[in-house]
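I opened the notebook on this one to look up its sheet, its helices and its cores. My notes follow in the order I took them.

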Amino acid sequence: MVAVPTNLLWLQAGSCGGCTMSVLEQGASGWFAELKTFGLNLLWHPSVSEESGEEVLDILARIESGETLLDILCVEGSILRGPQGTGMFNRLSGTKRSLLDIACSLAKRAQYCVAIGSCAAFGGVPAGDPDPTDACGLHYDGAEAGGALGRDYRSGKGLPVINVAGCAPHPGWIMETLQALATHDLTAADLDALGRPTFFAAHLAHHGCSRNEFYEFKASARVLSERGCLMEHLGCKATQAIGDCNQRAWNGGGSCTHGGFACISCTAPNFENGRNFHVTPKIAGIPVGLPLDMPKAWFMTLAALSKSATPERVRKNAEADRIVENPRRGK
């Protein structure tokens, strides 16, 4: 239990609201109980707070004047800079101010600034080509440092924007980041090169995948609904995507690959510009996107060996929508 409440303000910019929907699932007793447990005082959230109109403007004004200390600023959604750098594509209702202006103003007051989701981190879906809104992240424009706050931005505690990337991010990623900030247990050393907390960014989505036996033997699914590995033919990027998605259940139940959907690497900058998400790009029959930490020649050699040693059971099950042959002791 934290003795002094930590003030948290949540803004929604160019957002679908999916990140909020995600975090509401957090905790056995619900998100609000989680916030209370860790001493996080939610000053305002546009979707769940009772305050509206002048009450909200008063909250923002007191933060900007310094009357209210802002410990953590969370921004969900892309910052829309258009048209022509004015930000007027996305204004706060009842005001003539843009979210670009408000986010930049409040970020100067924040002890910590957190981008919730890949839109706020890197630009996300609104930044997909074509992008008439000139969308970007708080601290990144795609993979390039800069974004709405500029590449030199540092919060009151001297940290860059903390990018809880994902579309949507796992509720645990969001809350564990907020909890770590409330207890002052997150430093610059705990962030990767793109500002993502390493407690989830030090893993690949591939780790813990329920289809790993098929991956190991390169027993691949060829159409959706089959149980085999989705990498070779169906566009899965789990071996290249950061995130512990397959090590902790989403909504108490699973993950994208567990549900039969290829990983699209939604925690990475520019993922939104991908095409044909369910097709693996290849050159001369070899997938272009190979595992991050394995030289191409090794992968090709091991893949050939694995395919030659694939048990018949694994091969049959990979191309079926259910288990058609059970494991049994060999003769």
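**Helices on the sheet**

I began with helix α4 (residues 99-109), which lies across β1 (6-12), β3 (72-76) and β5. Its direction runs at about 165° to β1. I then turned to helix α6 (residues 171-182), which packs on the sheet and touches β1, β2, β3, β5 and β9. The direction of α6 makes about 155° with that of β9. I keep in mind that this is a predicted model.

**The sheet**

In what order do the five strands of the open sheet come? I read β2-β1-β3-β5-β9, with parallel pairing. The edge strands are β2 (40-44) and β9 (162-164), and each pairs on one side only. I noted an average twist of 25° from one strand to the next.

Next I checked β5 (residues 112-116) against β9. Three bridges join these parallel strands. V114 stands opposite I162 in β9.

**The cores**

Which residues touch the most other members of the largest nonpolar core? I found I72, C74, V114 and L178, in a core of 38 residues. Helix α6 gives the largest share of this core, seven residues.

I looked up C74 separately. Leaving aside neighbours within four places in sequence, C74 contacts L8, L9, W10, L11, V114, I116 and L178.

Another core lies apart from the largest one and has 35 residues. Among them are L60, L92, I102 and L138.

**The annotation**

Last, I checked the record. An unreviewed UniProt entry annotates residues 16-181 as "domain: NADH:ubiquinone oxidoreductase-like 20kDa subunit". In the model, that span is 31% helix and 16% strand. Its end C-alpha atoms lie 25 Å apart.

Definitions and conventions:
Residues numbered from 1 in each chain as written. Predicted model: local features only at pLDDT ≥ 70, side-chain atom pairs only at ≥ 80, totals over all residues. Heavy atoms only, no water. UniProt positions renumbered as here; feature names shortened; annotations may be inferred. Helix = DSSP H or I, 4+ residues; strand = E, 2+ residues; numbered from the N terminus. Pairing = 2+ DSSP bridges. Axes fitted to C-alpha atoms, helices over the stretch in contact; angles between N-to-C directions. Contact = heavy atoms within 4.5 Å. Core = buried A, V, L, I, M, F, W, Y, C linked by side-chain atoms within 4.5 Å. Buried < 20%, exposed > 50% of the residue type's maximum accessible area, 1.4 Å probe, protein only.
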